[in-house]
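Welcome, and please open your viewer. We will walk through the model one selection at a time, and each stop says what to look for.

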Amino acid sequence: MDTEALRSFVLAAELGQLQHAADELGITQQAVSKRVAALERELEVRLFTRTARGVELTLDGQAFLPHARGIVTGVERAITAVKPGSRALRIDVLGLRSAQAVVLHDYWRAHPGTDLDVVTLRANDPRVALAAVEGGEIDASFRTVIGTLPREVRMIHAFDSPTELLVGPRHPLASARTLTPAHLRKHRIWVPGIAPRSEWAEFYDQLTTAFDLRIDAAGPNFGNEVLLDTLAESANVATLVGARDRYLWPASHDLRRIPIVEPRIVYPISLLFPRANPHPGLHAIIDHLGTLPRADEPAWRPSWAC
């Protein structure tokens, strides 16, 4: 069924005159008449009766109108859903307290008119995010794919995320103002949730090798709240967090975030997006990412850093 004929019928029914429908559509009255006539032939019913004041719906037209209106509305919504610039910019982040979400929130606060949809795919394998970008499910993803990318997708460096040690007040390193990677040796660094095939699994593998650190992901991952509770109670467990990651804990926990320097341990955040016809709103965010400072040198980054 011709959706333009349906649109012409709906407008004529709502406005009461074929000429008014034609003006709304930017076509001639004759074109509207032909569309309505074709629709009536297809349905084998009369939809309108002509009057001195314009057109009025027949009983069949009254019965058909709500369904036709629903079809037209559905088509318009479908077009809006896939048309860049007419829908929200949809970006995947690892979590709503992650550095990526914090950076996007800072951008949105500076540009509150931005139509932004922040989502979390909750997938450990970055190729799931890659497929979502390829398929148009999302417009961009803060993920790193190690290896060859399809030609249709581009990956750029988004920003640096320097790493900090997070410890409780009883930990031997709790009073330090800064730490070097050498200070971390022989201390247990617990990072639950290091998933196989994830980019952070590769990051921690390379980090462990580079500085001879004791990093483990033993036990199930019960979430940040349990991790923070454990740190507050422990005298020997620490974890690593990104400098921009947002963590909240009770004041009684007295946790300390300690920068790591000489060199800084940097987690490089990447951005995946379509090479051709990216969402128009993405350009301004990429420009904003370019203004974020890189980590102070000297800095260590994994081999796959962009």
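## Stop 1: a buried proline

Select proline 268, which is buried with a relative accessible area of 1%; buried means under 20% relative accessible area, exposed over 50%, and partly exposed in between, with a 1.4 Å probe and protein chains only. Before going on, note that this is a predicted model, in which local features need pLDDT of at least 70 and side-chain atom pairs count only at pLDDT 80 or more, while totals for chains, interfaces and linings use all residues. Residues are numbered from 1 along each chain as its sequence is written, and side-chain values use heavy atoms, with hydrogens and water left out.

Proline 268 belongs to strand β11. Helices (H or I, at least four residues) and strands (E, at least two) are DSSP runs, numbered from the N terminus. Now show the surroundings: setting aside residues up to four places away in sequence, proline 268 touches Thr144, His157, Phe159, Asp160, Pro302, Trp304 and Ala305, where contact means heavy atoms within 4.5 Å.

## Stop 2: threonine 144

Next, select threonine 144, in the loop between β5 (140-141) and β6 (153-167). Is threonine 144 buried or exposed? At 0% relative accessibility, threonine 144 counts as buried. Its contacts, leaving aside neighbours within four places in sequence, are Pro126, Met155, Glu199, Pro268, Ser270 and Trp304. Show the side chains of threonine 144 and serine 270, and you will find a polar contact of 2.9 Å between them. A polar contact is a pair of N or O atoms within 3.5 Å; within protein, one must be able to donate a hydrogen and the other to accept it, and residues adjacent in sequence count only if both atoms are side-chain atoms.

## Stop 3: the nonpolar cores

In soluble globular proteins, nonpolar side chains tend to be buried together. Here, the largest nonpolar core has 44 residues, and those with the most contacts inside it are Phe142, Phe159, Leu207, Leu271 and Leu289. A nonpolar core is a set of buried Ala, Val, Leu, Ile, Met, Phe, Trp, Tyr and Cys residues joined through side-chain atoms within 4.5 Å. Elements giving two or more residues to this core include α5 (99-110), α8 (199-211), β11 (264-274) and α10 (282-291).

Zoom in on phenylalanine 159. Among the residues it touches, beyond four places in sequence, are Val103, Phe142, Tyr267, Pro268 and Leu289.

## Stop 4: strand β9

Colour β9 (237-242). How many residues of β9 are buried? The count is 6 of the 6, so β9 is largely enclosed by the rest of the structure. Both faces are covered, with Val237, Thr239 and Val241 on one side and Ala238, Leu240 and Gly242 on the other.

β6 runs antiparallel to β9, joined by 5 bridges, while strand β7 (residues 188-190) runs parallel to β9, joined by 2 bridges. Two strands pair if DSSP finds at least two bridges between them. Select alanine 238 in β9: it is the bridge partner of valine 167 and also of isoleucine 189.

## Stop 5: the largest pocket

The largest pocket has a volume of about 1,100 Å³. Of the 35 residues that line this pocket, the closest to its centre are Leu94, Ser98, Trp200, Asn224 and Tyr247. β9 gives the most to the lining, with 4 residues.

A pocket is found on a 1 Å grid over the protein atoms alone, as an open set of points where a 1.4 Å probe fits, with protein on both sides within 12 Å along at least five of seven lines; lining residues have an atom within 4 Å of a point. Grid points are joined across faces, edges and corners, and the volume is the space filled by probe spheres set on the points.

## Stop 6: backbone details

Select glutamate 262 and proline 263, which are joined by a cis peptide bond with omega of about 0 degrees. Proline 263 lies in the loop between β10 (256-259) and β11. The peptide bond from glutamate 297 to proline 298 is cis, with omega near 0 degrees.

Finish at glutamate 44, which has a positive phi of about 60 degrees although it is not a glycine. At 72% relative accessibility, glutamate 44 counts as exposed.
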